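Visitor: I would like to learn how to read a few features of a structure, one at a time. Could you take me through them?

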Amino acid sequence: MGLVINHNLMAMAASRNLGATYGMLAKSIARLSSGLRINSAADDAAGLAVREFMRSEIAVLNQGVRNANDAVSMLQTMDGAAQVIDEKLIRMKELAEQAATGTYSSDQRAIMNLEFAAMREEIDRIAEATDFNGVKMLNGISAAAVAQKLGVTESLTDLSATAAGSAFITAFSGYAAGDQLSLTYTDNDGDTGTVSMTLKATTTITEVMAWINSPAADVPQTLSVAESNSALGAGDLFLTAFSGYTAGDLLELTYTNHLGGTPATVSLTLKSDTTIQDVLNWVNYGSQATQTLDVTGDVLGLATASFKAVFTDFSAGDYVTFSFVDHAGNFTTSSFLITDGTIVTSITNFIDGQTGVTAAYSAAAGIITITDDTAGASRLAGSLTGGTLGPGPYNFAINTAGADATMGVALTATWVLNTGLTLYDDTAGYSEATASFGGGATYAFSIGTIGADATADVNLTAAWSSATGGGFTLTDVVAGVSDAAASFGGGTSYAFSIETTGLAATENVKIHFGTGNQAAEDYYYVDKQDMTSSGLGIADMTIANQTSAQDTIAALNTAIASKDTSRAHFGAMMNRLANTVSNIQIQAENIQAAESQISDVDVALEMTRFVSNQIKAQAAVAMLAQANMLPQLALTLLGGGP
């Protein structure tokens, strides 16, 4: 480096180092004088954030300790007053015992009753006057129960436009007619269950509320029948009881049952010998009998016998014509040429080849059986014609009538003499089950009463508010804190559950001590007690006569037990609060220790740094002084020196 006089670079370097050392010395002095490692965010930004959060936790916990101790003081105040009430109750019982004996006159009992009444008035005064910072715990001030609200998401955003009389499936577009509206619930008493109703297009919100609120038991769905002869039994002929029907008519049952909600029709072809019991069996059990055609003729030979020999009216060159009406009502006819070699089996095979019908020959029975391939009730009819005599002896018709399967019909049929036929929905409960018998002249009938699932055990009541923010409200019948829950199901998307929990009918005081607002962690309630004469059940007691004095003793026993229960609650809560205080203090102490690790300065280490920085600062000052002298060396070269 050259010798220059414009810039004293060595002095500048010494000054810079002195500034840095001086800054570290200032930081050490700040830490040592404050006792804190972090005095500003620049010292440790992350550490500062953690420390401040811990400080807030510590402050809140310490306040929580004070809150809990204040609660203990409050309970001690209440318990002290309850102790005085206890003394009054004992004195009242003593007076009642005295008045209950027969050795005193009415005037003497009147004097005893004056003191008795004074003690009761004093109990009321103490219960009403005792408070802690204005909080009264002995007068049992009641609060209204808060309804259990179900958050309803309905299709109408403006609830004010939806009245209780509106169609349910309009307000709740996720539901459709025929859906099962199921209410699954857990009530205040812990009872659980599910009840349901089938919705119609016209079901109103009011009807749904009435269903929930109904205390009725399950009512079966019944259909009443007016018949021409009610005095007949189940084994008698159906056509006799129901004169509007004739043999060959279709007895059609049209129904909408509780379960499905989808209308359907099943039918039974009536015969002249069909009994009422046959109809009952058909409704209750169902069957699928095939349609059988019996051929009557000189069928004496075997299947391999000559057809002409068996059916003597036919000759070679004749045509046998088979005509029939199938299950679906389609008419078909076809012919087969008879030759000398035609046998019975030939004709059987010819008929069997027709669409929708099956033919078989039984040599043992000597008959050809022709069956509709589609099982079920039908108007199947058929004939074999031809031969030298023309159409005549070989016409045949239904021998046995088939019945549609009714396994999916959730209806039960019964018959009672002089009452007639009754249909019940197999699943009792609220439904739109309907049914009618048709096919005859006059015997269509439908549902008589609508049943509802028993909701007597559902301790919830339903209400509806059309105001904005209203909607369905379910309230637990038993007011008080409960785990009551409910949900509606059956539609596409409208399941909902409890929004708010009810408050007990007796007020309580929340004691908050935690750092958050979680019910299980940060607070609990102390229940207010009713130690007034009314709450203790002695408001109307008197010992003015011997009988009332004897009755009062029992009432006072109950009052003392009630008072003891209240004091036990206070005592248990004081013990719990004492444990809470101990736990919070330990928690605050541990967090304080953690905060100290982050925030407090290590004095020994910081003092070592301070001494080091002090020496460096002294050295830097000395070197700066020397560096400031160095430019004078240039004067020697300029001749200005000695």
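Visitor: Which helix holds Asn 113, and is Asn 113 buried or exposed?

Guide: Helices (H or I, at least four residues) and strands (E, at least two) are DSSP runs, numbered from the N terminus, and Asn 113 is found in helix H3, residues 106–129. Buried means under 20% relative accessible area, exposed over 50%, and partly exposed in between, with a 1.4 Å probe and protein chains only; Asn 113, at 18%, is therefore buried. This is a predicted model, in which local features need pLDDT of at least 70, side-chain atom pairs count only at pLDDT 80 or more, and totals for chains, interfaces and linings use all residues. Residues are numbered from 1 along each chain as its sequence is written, and side-chain values use heavy atoms, with hydrogens and water left out.

Visitor: What does Asn 113 touch, not counting residues up to four places away in sequence?

Guide: Contact means heavy atoms within 4.5 Å, and on that basis Asn 113 touches Thr 542, Ile 543 and Ala 544.

Visitor: Which residues of helix H7 are buried?

Guide: In H7, residues 276–284, they are Ile 276, Val 279, Leu 280, Trp 282 and Val 283. Seen down the axis of H7, these buried residues fall within an arc of 160° (taken from the directions from the helix axis to the C-beta atoms), so they line one face of the helix.

Visitor: Where does Val 611 lie, and what is its relative accessible area?

Guide: Val 611 lies in helix H11, residues 603–629, and is partly exposed, with a relative accessible area of 35%.

Visitor: How many helices and strands are there in the protein chain?

Guide: The protein chain has 12 helices and 21 strands, and buried residues make up 40% of its 642 residues.
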